[in-house]
Amino acid sequence: MNKVAQQFGNSLQSFVRDEEGAQIIEYALIVAVVSLVLIIAIKTALVDNGGAFTSWLDKVKACLTAAATGCS
């Protein structure tokens, strides 16, 4: 029984020291920030065209919700 407890303790310590999960979270945060920046940049570039951004979003929404045939 003592050997099982010691093995569990070693596994727990290894899990606590593992930093791979933290790296995944960091990458996810980077992707989220870059996505927000791109959305803001696209919106800023297209908002001057009088509703072009809204129509572009409607096209994207239609392509994502429908069978993606004929989307351009």
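A patch here is a group of residues that each have over 30% relative accessible area and no salt bridge, with nonpolar side chains joined within 5 Å. Keep that in mind for the later stops; the model on screen is predicted.

Start with the whole chain. It holds three helices and zero strands, in the order α-α-α along the sequence. Of its 72 residues, 1% count as buried. The accessible surface comes to about 6600 Å², and carbon and sulfur atoms account for 66% of that area.

Next, colour by pLDDT. The chain average is 77, and 74% of the residues score at least 70. Select helix 1, residues 2-17: confidence is lowest there, at a mean of 72. Helix 2 has the highest mean, at 84. Where pLDDT is low, the coordinates should not be read in detail.

Now select residues 24-42. An unreviewed UniProt entry places the feature "transmembrane region" on this span. In the model the span is 100% helix and 0% strand, and its end C-alpha atoms lie 27 Å apart.

Then select Tyr27, Ile30, Val34, Leu38, Ile42, Trp56, Leu57, Val60 and Leu64. Together they form a nonpolar patch on the surface, with about 860 Å² of accessible area. Two elements give two or more residues to this patch: helix 2 (20-47) and helix 3 (52-65). Helix 2 gives the most, with five residues.

Finish on Val60, in helix 3. Is Val60 buried or partly exposed? Val60 counts as partly exposed because its relative accessibility is 31%, and the partly exposed class lies between under 20% for buried and over 50% for exposed.

How values were computed:
Residues are numbered from 1 along each chain as its sequence is written. This is a predicted model: local features need pLDDT of at least 70, side-chain atom pairs count only at pLDDT 80 or more; totals for chains, interfaces and linings use all residues. Side-chain values use heavy atoms; hydrogens and water are left out. Patches are made of residues with over 30% relative accessible area and no salt bridge: like charges are joined within 9 Å, nonpolar side chains (Val, Leu, Ile, Met, Phe, Trp, Tyr) within 5 Å. Accessible areas come from the Shrake-Rupley method with a 1.4 Å probe; for residues, only the protein chains shown count as cover. A salt bridge is a side-chain nitrogen of Lys or Arg within 4 Å of a carboxyl oxygen of Asp or Glu. Helices (H or I, at least four residues) and strands (E, at least two) are DSSP runs, numbered from the N terminus. Buried means under 20% relative accessible area, exposed over 50%, partly exposed in between (1.4 Å probe, protein chains only). UniProt positions are given in the numbering used here, feature names are shortened, and annotations may be inferred rather than shown by experiment. pLDDT is the predictor's confidence in each residue, from 0 to 100.
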